[in-house]
Amino acid sequence: MIALELKSISKHFGGVTALENVSFKLEQGKTLGLIGGNGSGKTTLLNVITKMISPNSGEVHFKGKRVDNLPAYKIARLGIGRIFQIGGIFNNMTLLENLFVATNSGNEEEAERILNEVGLVQKKNEKAATLSGGQQRLLEFGRVMIRNDELILLDEPFAGVSEGNCKKIEEVIGKLQKEGKTIILIEHDSKRIKRICNQLIELDEGKLAKKTNID
Amino acid sequence: MVFQQLVVNGIIAGSEYALLAIGLTLIFGILRIIHFAHGEVAMVGAYVAFVVSVSLGLPLPVGFVVAICFGALLGMAVNRFAFKPLRKQHVWIGLIAAIAVSILLQNIIALFFGNEIKTYNLGPVEKGMEMFGFIITKTQVLIIVVAVALMILTWFFIKKTKTGQQARAVADNRHLAESLGIDSEKVIASTFAFGSALAAAGGVLIAMETNLDPMMGLMPNIKAFAAVIVGGVGSVPGAILGSYFIGLTENIGIWYLPSGYKDAIAFFILIVFLLFRPQGILGKKKEGIEQ
Amino acid sequence: MKNTKILIFTALLSVVLLSGCSQIQNDEIEIGVVTPLTGNGATLGKPMVEGMELAISEINSQGGINGKQLKLHIEDGKLEGQATTNATQFILNVHNPKAMVTLYHVDAEVMSPLTKQEKIPLLHASFARSILPKDPYAFKINFDAVDGCKQLVEYAKENNKYRKLGALMSRVAYNEYCLQGAKEVESSIEEYWYVFGNTDFKTLLLKAKEDGVDALLTVGIDFEYIEMYKQMAELGYDIDLFCATASECINPGLESKNYPSFQGTVSVDFVHPREMDKSAFAQKYYAAYPNSKNAVVTYAGIGYDAITILKDAFTECGVADQECVQSALESYKNEKRDSVIGTLGFEDRVLKLDYDIYEFNENGWQLK
């Protein structure tokens, strides 16, 4: 079953073309690596999928339904989650509050369990701003888990993170994969990509340059 | 004796400013616009209560409740028709829109009610109660009590309700909130409704003490804005703290300064904070968040 | 094409000439008045204008002045500088009046430079004399703060109405003159100044109480008096208000509120504040303006008398002779004794009036 399909997505900002005619299909349960140089359009692609920006042309389909005509919050409610390059947490809210606000329930037990899984439960009542970079990423993963997102977009989750936390993050990604989640991962380290991803897409100046299967 | 009286005067003023400051800080926190028309929402609330209680003869508490409801609706209308269409523009445009709404509301009220001072029918004027070395009237006690009650209600709203939590999230990082399925426009509308309802309540309380006229909202709104900056933008406890800080400093300050300087005190404090501690007493220096 | 242009030009020229003509051949004497008719200050502004209208309609019904009808041009100055300036300029430019009238000192200050340029009389019902030295065509037609406050404090001192006197005043000319007059009698006066427009007197009242002051002298406008009395009642301090004029400081509308702080008020006025309401003039006024039953009739009288004074000058001189009108006004003595407010004529362009002292007790104003 195709979880995500992009059809001829193009986006330009003024005179600059960020994405040009990008099309691909992603099967449910697979992990797609997204690589390319700086400014090749990777983050823009994620922004288009989550409707942070509107494409100039093309369509986005999630689980067979067209979604590029929906507002961002409705797309998120369909089960698409994201981990950001920067600023992916609510700084002035506690860890527990960060999780609560992501879901419809205020179930403290479940939130604690998930914080425990990502190794942050001892800081549950502290403000998220006090976390290190790696810990913030783990909190974001916790959020993805409590929401039970089906499609998870990861924007360089390992960048600037300590080795110990990188291991932890890989563990969490592994767990999500076992649960059958569909993942898109933006990453630079080729060894890591080979470890984690099933497929690879390379962007070059907004165009889809190469598709590879890894398994 | 004197000091207690000045402190009480300061607490009364601070309570009035706080009801405006809370709405201002919530709206500023979410939208980064200074809601210049917030004082006029308070003023309209006062006039609504006037119509209900003086023109229609119903008890003032009824007028108070009607004013709060009307204030919420007015706030949502202002958001929907003046701010929302200009959301994507530069923040200066929102500022100008706010000023325009402010002038519009002042003139509409002046057109319907005239410019002269109006009063609620509060019964015969009698000497205030004397206690602990100061004098306070029943109206003034009511102002403090109602304001504190509404502050507690606000705390409840922010901390315990879903909308309150979502409002904090949207204020913290709007795009992130949207990416979590939060309908930020709906949250913004609710925030406007809540903040404007508080402002309307504040307007009625202010009018009980200093009477109504179309310009009555202007100064309190500026003081409330100063309170927001002093307390820390986006922080509700900060807004409350800042309001009492300004109220007390003003009222104690004019014992030592010529009385014409009263408003200047609030402005002076505002400038000092903007220059030396723009994040306010309770604020932290925030990092930029954006996509 | 050329014919069309000539036609249009001729049409425009005729319009211009004819409109000019209508002014020269005007059979009306224009008088302008700018004063608040809405908002703060309208309590006095409105009756004054109504008094003027009353006088004018009487004069016109008797044939006018030398066969010419009087026409009054009224504008609402809102007690606001810019609005008053605009309104004055409008009347001066469009209607070319032979005289202007205004009430409040703050308005007169704004209007005087404009009327002075046109060399027309500005009759202003101000309490302060400060405009007179600057504007030779200005005439003061109301209570005089220097004389009135001096008499008030004189009475209060002689009758032991205070132990320690203070002054609670806005920084406006009429208060400064009032204080000047008061100091001729009582040199030791504690001063508590506030900015005009402020209505929160609580801190100043507290200061006065702490200083042991038991009477406060002031000249204010109704929106100030109402708050002073209310706050004094709520604070319950043992302080009396010495105010001017009696008609204004506890006017009929305020009196009905029955504040306990009214008791002990001492004031000065040139008419009895309540008897005015029963006079023949008042009856005439109420009949013409049934909606003004609670109005301060004194000010209707001031407006009425302003027109009477102008009528005498215009009758003597003919409207176009500005020099004659000026000197007629300067030497006006009211020989016919037909004044509503009891004027004794101008002296140095200040209207001379007969002052009395009044005290307010549970029966209202009492003449002393």
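**Close-up 1. Helix α4 of chain B and its surroundings.** In this predicted model, helix α4 (residues 91-113) of chain B has 23 residues that should span 33 Å at 1.5 Å a residue, and its end C-alpha atoms are 33 Å apart, which agrees; the expected span is 1.5 Å times one less than the number of residues, and helices are DSSP runs of H or I with at least four residues, numbered from the N terminus. The buried residues of α4(B) are B:G94, B:A97, B:A98, B:V101, B:S102, B:L105, B:Q106 and B:I109, where buried requires 20 or more other C-beta atoms within 10 Å of a residue's own, with C-beta atoms placed from the backbone. These buried residues pack against α2 (38-55) and α3 (60-83) of chain B, and just after α4(B), B:G114 takes a positive phi of about 85°.

**Close-up 2. The contact between chains B and C.** Chain B contributes 20 residues and chain C 23 residues, two residues being in contact if their C-beta atoms, placed from the backbone, lie within 7 Å. On the side of chain B that touches chain C, the elements giving two or more residues are α1 (2-31) and α10 (236-256) of chain B.

**Close-up 3. The two domains of chain C.** The domain assignment, automatic or from a database, gives domain 1 (28-143 + 278-351) and domain 2 (145-269) of chain C, and their centres, taken over C-alpha atoms, are separated by 28 Å. Their contact takes 15 residues from domain 1 and 17 residues from domain 2.

**Notes.** Residues are numbered from 1 along each chain as its sequence is written, and chains are lettered from A and ligands numbered from 1 in the order in which they are written. Because the model is predicted, local features need pLDDT of at least 70 and side-chain atom pairs count only at pLDDT 80 or more, whereas totals for chains, interfaces and linings use all residues.

Methods
Buried ≥ 20, exposed ≤ 12 C-beta atoms within 10 Å, placed from the backbone.
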